[in-house]
Amino acid sequence: MDNGLKMASSGKQLIKSMAGNNFGDVMVVGGGVSGIQASLDLASAGFKVYLVDEAPAIGGHMAQLDKTFPTNDCSM
Amino acid sequence: MCTGRVDLAHVLRAFNNGVDGVFIGGCHLNECNYITNGNFHALKMVCLCKRIMDHIGLSPERLNMEFMSSGEGNLFVESVNAFVNNVKELGPLGRGEGLDETEFKLKLQAYSDMVPYIRLVDNEKLRIHFDQKEQYEEYFFSEEFDRLFNELIASKVHTYIKVNPVS
Amino acid sequence: MEGEAGNFKVRLKRKPRYVLEDKCTGCTVCVEFCPVKFPDPFNQDISQNKAIHIYYSQAIPLITYIDESCLYLKEKKCRICEAVCQNDAIDFSQTEEFMDIKVGAVILAPGFEPYDPGLREDYGYEKYQNVITSMDYERLTDSTGPYEGQVLRPSDQQHPRNVAWIQCVGSRQVNPPGANSYCSSVCCTYTQKQVILAKEHDAESECTVFHNDIRSHGKDFERYYQRAENLPGVRFIRSYTSVEKEDPETKNITIKYATNEGGVKEEEFDLVVLSVGLNPPTGNESLAAKFGIELNEHGFCKTDPLNPMQTSRPGFYISGAFQGPVDIPESVVTASGAGSQCGALLNYRRGDLSTDRVYPPEKDVSAEEPRIGVFVCHCGANIGRVVDVPSAVEYALTLPNVVYAQEQLFSCATNSAEEITEKIKEKNLNRVIVAACSPRTLEMLFRDTLREAGLNQYYYEMANIREHCSWVHPKEKEEALLKSKDIIRMAAARARHLEPLMEIELPVNKRALVVGGGIAGMTCALSIAAQGHEVCLVEKEQELGGTARQIYHTLEGLDVQDYLKDLIAKVYHHPSVRVYTGVQITGNSGYIGNFVTTLQSKETTTKIEHGATVIATGADVYTPSEYLYGEDERVLTQLELEEKIATDDPAVVDAECLVMIQCVGCRNEDRDYCSRICCNESVKNALELKEKNPQMDIYVLFRDMRTYGYKEDYYREAAEKDVKFIRYEPEHEPVIEAAEGEDRPVLRVTLPDYVLGKKLEIDADIVSLAAAVVPSAGTKELESMFKIGLNPDGFFKEAHVKLRPVEFATEGVYLCGLAHYPKLISESVSQACGAAGRVLALLSNDIVTASGSICEVDESLCIMCGACIESCTYGAIETHETPQGKRARVIPVLCKGDGLCNTKCPVGAIQLKHFTDQELFSQIDAEVPEKAKTAV
C-alpha cells in the first residue's frame, strides 16, 4: 500500500548485524517465512536478532512455492 | 492512490493527445483497498466519459474499466489483451470512426475545458450509488440520464464551442 | 548450546561460502563458466545447476556460493570461476568458522519437510517417471523453475493434458508403517491451487482429484474449493486409489479407483501428482537434543497444548510448522506470537542493543533546475535479457533535464544502492529515477538511498520496466525497448514536477485497548501488559470469558473451565490491566498512536486514550431453524450438548442412541464457508459420551470430516470405539421427524447411505446439530466505528490473509480470535499472542511517521463548496476560518492519500501531493513523444 507507516524514533532505526560483539537478544533458528516474520517483529520492537539458517539464502520452503492459496498471490 | 483519483480530465487529456484507447484497472467493487470505495466513483466517471465520447462520435469502447485483485494477474493479462485487440479493430482514434480530426479534437478540448463545470453537475445531480457494474451502465444509457446529459452538459458544451470556435 | 532463559550461549558452525559477500555482485558470470553440473535440490532435482550458483533466482543475499559438488573442493582441480570473476570475489581459502553468540531467548522455526513417497515407492514414485510430488509440480509451474514455467512431464518433456492428483499421500495413514497418522491440513487446498494454476497454464487440460475428505476449513477456503471444482474439465472423485501400471511406450499411468455408483474403474493419465503431507523438519531429533527440548510422538516439537509457541524448556519458543502441519497464516501468526513471548521475557532489556541511524541533513534544492539521474537496472537477466539496457541508458541522456544515466546489474544490491548515493552527491543530482521493478517492492529502499545522500526522499521516481515491460513482453525485444523508453520518458516528465514532502512524526500513546474479554482478548491483554504497557480490556457482558464459558474440555482433555478461571484471575490481578465489564463502545476517533474511544456503562461515560486497538469480539452460534430445533427439546446444538455431557444430564448421558448432524447452517447458499471447529467438537463430544456410556449408539452424519492436523488421531479413535460416521450429500440432507420407536418415543432420522446403497433409518433419543459459527452481533457497528472492513462472510477482514493476518488495513488496529474466523482455543491463543506482538512493534516506538503524500488545499482557489469534505470517508477534511472567509483544510494525520477528493473539487483546489494534476498530466503528455519535447 502506498502509505504504509514507518516506525521511527527521531531517526532511530534498528539494525540486525552479524558483525560486532556476538551479543544479541534473540536468536531465530530457521529463515523461512515464520523465522523471517519473528525476526522482523522483534527487531521493530527493540530487540537485536540473530537470524540463522543452514541454507545459503533465506526463504525456506515457501520460496519454492509458485503461488499461495487462496489469493494465488506469488509466493515470493 | 485509488482509482477514485482518476479524473475525467486525465482521460480526456489522453484522448486529446491522440491515444487510441484508455484502460483503467481497479479493485473489485466493495473491496476498495482504502475504505473510500473510490472505484465506484471511477466507474461513474467512466460511464459519464463514455457518454461524452459517444456524443463526440468516438467509440465508447476505446475506454474500458476492469476490476480485479492483485492476485488475479491472469485476469489482468486477459483483460488488457482483449482490450488492445478491440482497440486495434476500431482503428486509429477518430479515423476509425470516419471523423474529421480537427473537429473531434475541438470537441475533446471543449469538454476538457468544461471539466470544472461537469464536476459541479456530477456533485449536485449525479449522487447515485449502485451495487453492480451493470446497473451503472444501465443508468448512464437510460432516458433519464439522456435528458440530464443533454440539458446540462451537451448543450452547454455546444454553446461553448460556438463561442470559442478555435481551441 | 548452554545456559538458561535470559542467558544462553549458542555455538554456530558457519559453513564457508567460498565467495566474499561484500565483493560478489551476483552477475553470474562464474555460474556460466563452471563445468560441473549437478541436480538442483531447489528445483527438486528436476533441473541441473552448477557447483557455484545462486541458491535461487530471488535469493537474499543475491550472491553465489559453492557447494560440495565443486571440482576444486573434491579434487583440487579447475578454479575457472576464480579466473573469470571480475571482482575477485572467489576465495577458496575460506574454512569453517565457529561463532559463540550470546542471546536471551531462542525461537526455533525450522519448518517442515515434505513427505518423501520415494521411501516406500508409494503410488509408484521413483518407479514410474510420470509420478511426481506436489512440490515437484510447484517448481514446474513456477516461472523461475526448471522449465521457466512450462509444465512438462518427466518422461518426454511434453505438456501433460490429463493430470491426476492423489490426496493424503503420507498422511492419515497407520498401516503400513512409515507414513504419518495425522492430517497434514494444507494438502486439500494446495491441490485446488495447483488445479487452478494447471487450468491457467493450459485451459484445455483435464484435472482429476482423487480424495477422501476435502478439508477446506480455513478462511475463504470453501469458496476456493468451489472455484476449483467449477472449472471446466475438473473432477473431484471421492475414492481410494491405486496406481496400477505404466504404459511402456507412452509412459502414461493407469489409476484404479472405486465409486459408489460405477464400481471399480481404471483410467489413464499423462501425469500423476502425489499430494504429499508435511513431515517434521530434517534433523529434528538432533535439533531437539541440542536445545534440550522435547518432541511429540509425531516428531514435531512438543508444545503446551494451549500455547503452541511454548516448548518444554523456558526461554525456547517455536513458531511455524515445527508445531505440526499448519498453513502460512498460522506460521506468520505464531511467529509474531513467539516474538511477543520473547518480548515479555526480555522486556527489561528492550532497546538496549538498538543503535541510532543518522541521516545527513537534507539539502534544499527547491530553487534549482531539475537535474535528473537515471539508473537503468538489468535485474540480472530479468530485464537485461529482453530490454537492451545500454540503449535505454543512451536514450535517457537525450531527455531534457537528464544530466546523468548509467546501467546497473542489480540496483537493489547493497553496493549498487551505495553507488546511487555516491552519484547523487558527485553529480549534484536533485531527482533520481531507477528504471527497474515495481515501487511495491523497492520504493522504500530507494527512498532511503536518497535520504542517505541528503536528498528529500520524495524526489525519487520509479520507472517499472520489469513487471510493466520485460516480464510481459518477453518475446518482443524491439517493442519492449521502445516501451521502456516511453516509460523512462514519462518518469522523467513527472520527476521534473516532484516536490520535497515532509513526513509527519506523530507521538505514540503507549496504552492499548482490547475490545472483547474472551480467551483471545484476555490472552492478548496479558501479553501486552507483560511487555510493559497499560491495557484497557473492555467487555460488553457483565463477566469475562466469552464463548469459553460454555466449553468444558478440549479434545486433548484439558479442563477449560479451570484454565478460564485462572486466566480471568490473572487478568484481574495484573496491575497494568484495567477491566471494564458491562460496557458499550459508543465512539471512536483518531488515528494510529492516537485513538480516543468512548465507553458507556449504565451510569458512567469513560473516554480512553490509547495508541493501539485490538478487536477480539468473538463470534456467535447460529440458531438453527432446521431439524426441529426450537420445536423439540431433544434437538440441541453442539455447545448445548457439551454442557449436558459435562453436567451429566441423564437425558443425554443415558440415551440409547444419539445422532450428530454436521454442517448445519453453513457450507450452503446462506453461509458459503466452513465453521472449522464443528467436526472436532463432535468427535470430542462423541468420545466423552463413549467414556460415560460405552453402550450408546452414536452416529455422526457428515459431509466432510474436517478433523485436521493432530485431531485426525481422535477421529480414528472415535471410529475404533464404534462411533459410526455416515456421509450425506447436501442434495439429500437427513430428515427428522418425531416418531414412536420400538419401546420409546424417538426422533427418527432418515438419510441415504451411499456405501450400502440403501436408505437408513436411525431412531435417536437426542439429535445434536453442528450449528454454524457466525459473526458476532455487534460486528457491523464496530466496522464503521473503527473504520475496519468485513469479508464477504461478515467476519473481520485482515490486511492480508497470509502476510498480515492479525492487523487491519487501517493502521493501529489489530485482530484476533473468533472475530477473525472460527478457530480452536489453541489457535485463538496463537493469534492473540501474534496480535500482541504486532501491537508491541507499534507501541515500543515513541514516534510513528505518516506518509508525506497527502492532500493539501490551495486556499486561494477554494470556493468552499464542501464537495471534498463530503467525499472524504476518513473525515480528514475540515473547514476553518481565514481572513478571506471559510476554507477547507486537510487534517494531515487523517489523510490516507487515496485522492478521491481531487476529482470532486470543481476548481482543482485540493491536490494529492506527489500525485498532483500537474504531475499526472505531464506523464500523460509525455507518452506522446512529440508533446514531451515541448512540455513544461
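Mentor: Domain bounds come from an automatic or database domain assignment. This is a predicted model, in which local features need pLDDT of at least 70, side-chain atom pairs count only at pLDDT 80 or more, and totals for chains, interfaces and linings use all residues. Residues are numbered from 1 along each chain as its sequence is written, while chains are lettered from A and ligands numbered from 1 in the order in which they are written.

Trainee: Which residues does domain 6 of chain C cover?

Mentor: The assignment for chain C includes domain 1 (17-94) and a domain 4 written in two pieces, 512-618 + 776-845. Between the centres of domain 1 of chain C and domain 6 of chain C, taken over C-alpha atoms, there are 57 Å. Domain 6 of chain C covers residues 854-912.

Trainee: What pattern does chain A follow along the sequence?

Mentor: Helices (H or I, at least four residues) and strands (E, at least two) are DSSP runs, numbered from the N terminus. Chain A has one helix and five strands, and read along the sequence their pattern is β-β-α-β-β-β.

Trainee: Why is helix 1 of chain B largely enclosed by the rest of the structure?

Mentor: A residue is buried if 20 or more other C-beta atoms lie within 10 Å of its own, exposed if 12 or fewer, and partly exposed in between, with C-beta atoms placed from the backbone. Among the buried residues of this helix are Leu8(B), Val11(B) and Phe15(B). Helix 1 (residues 8-16) of chain B is largely enclosed because, of its nine residues, the number buried is eight.
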